Amino acid sequence: MKASIMITCLGDLLFPDVGVAMVKLLRRLRVTVDFPPGQTCCGMPLFNSGYHHDAALVAARTVKLFERAEHVVVPSGSCAWMVKTEYPGLLKDDPALKAQAEALAAKTYELSQFLVNVLGVTSIDSPFQGRVTYHDSCHLLRGLGESRNPRALLRGVKGCELVELPGSDECCGFGGSFSVRLPDVSTAVLNKKLANVESTGAACLVACDAGCLMQMGGGLSRRGSRVRAVHLAQVLEPEEGE
Amino acid sequence: MSDAHLETPFPERAHAALGDAHLQEALTIATTKFIGLRKESFEGYPDGEALRDRARAIKEATLQGLDQHLERLADNIERLGGHVHWAATGEEARDIILRLCRDKGVRMAVKSKSMATEEIELNEALEAAGVKPVETDLGEYIIQLAHEKPSHIIAPAIHKTKGQVADLFSKELGGRFEADPEVLTAVARKELRQKFLEADMGITGANFAVAETGTIVLVTNEGNGRMVTSLPRIHVAVMGMEKVIPTMTDLMVFLSILARSATGQKLSSYTTLVRGPRQPGEVEGPEELHLILMDNGRTRQIAGTLREALYCLRCGACLNVCPVYRQIGGHAYGYTYPGPIGILLTAMLKGNAAVKDLAHASSLCGACKDVCPVRIDIPRMLVELREHLDREKIAPWGERMLFGLARRAMASPGLFDAGVRLGRMAQRPFVRDGKLRTLPLFFGKWTRTRDLPPVAARTFSERWKEIERP
């Protein structure tokens with residue numbers, strides 16, 4: 001089995017550990033991993049703010065980068081959603097590109113979906129220990145309809161105790177440029193989320209989206225909270241010494 | 001209120017709302033309750049999901065033949081002895097009502113809750129013409145006493161706590177009332193009972209109008225709608241043109257999901273079906289019935305970006321689940337219709353420029369789409385609206401520049417890498433304990449309340465070279 005990593009801009013620049021954990025994890029599951037060079041961003045920030053012409057140029061480029069990939073695995077639900085749901089529409093004016101976009105959409109998977117739906121993994125051996133809670137990222141939950149796989153994978157880790165997060169399906173307040181266009185509102189939404197997180201007594205808050213992790217991790221860190229925001233891959237493949 | 005209110009930019013209005021403790025308390029209690037009731041109601045209703053699909057399909061099919069359905073509705077209402085008026089704009093709708101008031105010597109009008117009349121600011125127009133409007137829905141009555149506007153589509157006084165209502169009643173009605181909903185409701189009922197009997201005109205909106213039978217349908221919970229439509233000698237209903245539905249069978253589909261979505265009820269306490277004015281031999285009902293079919297920007301959208309917003313049943317479910325609405329309430333939006341659907345309806349009524357800021361008052365979390373009884377894809381339409389703001393150059397110049405630059409960097413790995421190197425250099429003075437805690441300029445909008453991870457010393461792309469060979 002072969003998989004190409006789509007690292008995403010936030011994953012590449014801010015959370016490289018997540019990408020590294022994901023590569024190790026996939027290799028442990030006997031997947032041959034490659035990383036097509038020249039990746040930047042999926043274009044979702046442009047798309048969400050209404051710059052669709054610009055987003056289409058970025059989409060066209062990304063489609064080409066992954067042309068030869070067998071599977072494309074993304075550590076972020078929103079970017080996977082962007083590729084799967086919006087790329088074909090953005091490129092609809094060029095039939096050849098649109099067909100390529102549809103092909104890419106069909107072979108692109110958010111990490112937890114790839115692990116469970118493609119690899120058929122149900123439990124992963126991981127040395128991780130501790131109580132965690134899980135936040136449903138909006139695009140993964142409502143966009144890709146995924147709420148079970150990440151939870152199943154967390155439950156499959158022997159030392160991991162999963163506690164349900166009250167209001168787990170509510171937005172964390174990130175919303176891309178929303179977080180800086182209306183920072184007060186974004187923060188008010190975040191504070192509600194973090195109060196819920198802290199009520200669980202979890203040591204780690206797990207999510208499958210770099211945007212949410214940036215928002216919630218940023219809020220937790222600012223509060224001096226003991227809770228750490230981590231990506232699913234970091235629970236399944238913790239760094240040595242953790 | 002609206003114009004002066006709108007001089008304050010939206011982000012400031014939102015900021016003020018966040019700092020209003022009463023509002024925060026009231027919103028949290030009410031929206032949480034609505035969310036729970038809706039969820040419970042649909043969980044116990046296995047047919048619900050299929051009925052939502054069917055309702056959506058009916059709305060879509062009706063829009064495709066809107067002219068015929070409206071004409072059929074008008075014919076049937078006229079056959080029953082009612083009058084039908086066509087209003088291209090809100091102003092025309094207002095003028096029709098004012099003319100009726102003048103011609104029929106109307107001095108007082110009782111009203112049942114209606115967003116369509118809010119949309120055309122009818123109360124202000126009536127008052128200016130010397131006609132006293134009296135709101136008879138409890139929530140509307142409260143905000144009329146307080147000289148405010150509704151802040152929610154179905155719960156107009158949702159922004160008020162019961163303590164605030166008790167204070168308001170005590171001040172306006174004379175007396176000392178305790179903050180007990182039952183006591184306060186009894187007070188309002190006593191005040192209103194006399195008004196129903198005195199009023200010359202009853203004004204309502206319409207949740208639906210059934211073309212095949214000429215039936216105007218009102219969905220209410222307090223029974224006041226029934227009195228408004230039966231006690232005064234004239235009944236005027238104001239309805240957006242998109243509210244027509246073809247058949248009574250269709251009505252059953254909508255009724256089965258509307259109240260569930262709005263309040264979690266199987267049906268609202270009252271479903272009032274008005275079929276023409278008082279007929280010979282009948283002892284009840286108004287002498288005259290007038291239906292105003294109002295366009296006011298709606299039909300233009302049948303072929304426009306906002307087409308799906310014409311499916312809206314005005315249930316308010318999308319407001320209750322919206323993380324933004326739940327934080328700022330309805331008034332901060334600044335227009336008649338708040339919340340996610342309100343942004344779309346405001347664009348429909350007032351044009352795209354009016355929602356320049358509001359179009360971004362959403363994290364696009366999709367909760368609204370999930371609960372919409374007719375599955376309106378609100379996030380998608382918001383994004384399309386933003387696209388129009390960009391294309392029509394309504395979006396600020398600086399923003400368009402910034403996103404242009406972002407696109408260049410995203411489209412060129414060389415430029416992207418240069419940006420990464422630049423970021424790494426520029427952030428150096430601001431890194432403390434491996435975090436960015438205060439950043440200047442635009443980035444400060446993030447770091448005022450949240451830390452940010454710095455651009456990694458080695459990005460994944462850079463680390464890949466080492467881990468490329470397993």
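This is a predicted model: local features need pLDDT of at least 70, side-chain atom pairs count only at pLDDT 80 or more; totals for chains, interfaces and linings use all residues.
At what angle do the axes of helix α7 and helix α9 of chain A cross? The answer is roughly 75 degrees, with the axes coming within 9 Å.

Helix α7(A) runs over residues 111–118 and α9(A) over residues 148–156. On the α7(A) side, the contact is made by A:Ser112, A:Gln113, A:Leu115 and A:Val116. From α9(A) come A:Asn149, A:Pro150, A:Ala152 and A:Leu153. Sorted by class, the contact has five nonpolar and three polar residues, and no charged ones.

**The two chains**

Here is how the chains look side by side.

| Item | Chain A | Chain B |
|---|---|---|
| Helices and strands | 13 helices, eight strands | 22 helices, twelve strands |
| Box filled by C-alpha atoms | roughly 50 × 45 × 25 Å | roughly 90 × 55 × 45 Å |
| Buried residues | 59% of 242 residues | 48% of 470 residues |
| Contacts joining residues at least 24 apart, among those at least 6 apart in sequence | 78% | 73% |

What about the radius of gyration of chain A? A compact globule of 242 residues would come in near 18 Å, and chain A has 17 Å, so the two agree.

**A buried glutamate in chain A**

A:Glu110 sits in strand β4 of chain A, residues 108–110. Is A:Glu110 buried or exposed? It has 30 C-beta neighbours inside 10 Å, and since 20 or more is enough, A:Glu110 counts as buried. Setting aside its neighbours within four places in sequence, A:Glu110 is in contact with A:Val74, A:Gly77, A:Ala80, A:Leu140, A:Leu144, A:Glu146 and A:Cys208. For another sense of how the chain folds back, take A:Glu110 and A:His231: they are 121 residues apart in sequence and 12 Å apart in space, C-alpha to C-alpha.

**Where the chains meet**

Now for the interface. In total, 52 residues of chain B are in contact with 51 residues of chain A. Several helices of chain B each supply at least two residues to the side that touches chain A: α2, α15, α17, α18, α19, α20, α21 and α22. Which of them gives the most? That would be α19(B), with six residues. By class, this side of chain B divides into 31 nonpolar, nine polar and twelve charged residues.

A:Asp184, A:Val185 and A:Ala188 of α11(A) meet B:Ala14, B:His15 and B:Leu18 of α2(B). This contact has four nonpolar residues, one polar and one charged.

Helix α22 of chain B, residues 460–467, is worth a look too. Its buried residues are B:Phe460, B:Ser461 and B:Trp464. Why do they lie on the same side of α22(B)? They cover an arc of only 95 degrees around the axis, which puts them there. An α-helix has 3.6 residues a turn, so residues three or four places apart point the same way. On the other side of α22(B), B:Lys465 and B:Glu466 are exposed. As for what covers the buried residues of α22(B), that includes two helices of chain A, α1 (9–13) and α2 (16–28).

**Two positive phi values in chain B**

Finally, a couple of loop residues to check on your screen. B:His147 has a phi near 55 degrees, a positive value in a residue other than glycine. B:His147 belongs to the loop between α9 (138–145) and α10 (162–173) of chain B. With 8 other C-beta atoms within 10 Å, B:His147 is exposed.

B:Asp433 also has a positive phi without being glycine, near 50 degrees. Look for B:Asp433 in the loop between β11 (431–432) and β12 (435–436) of chain B. It has 7 other C-beta atoms within 10 Å, so B:Asp433 is exposed.

Note on methods:
Residues are numbered from 1 along each chain as its sequence is written. Chains are lettered from A and ligands numbered from 1 in the order in which they are written. A residue is buried if 20 or more other C-beta atoms lie within 10 Å of its own, exposed if 12 or fewer, and partly exposed in between; C-beta atoms are placed from the backbone. Helices (H or I, at least four residues) and strands (E, at least two) are DSSP runs, numbered from the N terminus. The arc is that of the directions from the helix axis to the C-beta atoms. Two residues are in contact if their C-beta atoms, placed from the backbone, lie within 7 Å. Axes are lines fitted to C-alpha atoms, for helices over the stretch in contact, and angles run from 0 to 180 degrees between N-to-C directions. Ala, Val, Leu, Ile, Met, Phe, Trp, Tyr, Cys and Pro count as nonpolar, Asp, Glu, Lys and Arg as charged, and the others, Gly among them, as polar. The radius of gyration is taken over C-alpha atoms; the globule rule is 2.2 Å times the number of residues to the power 0.38.
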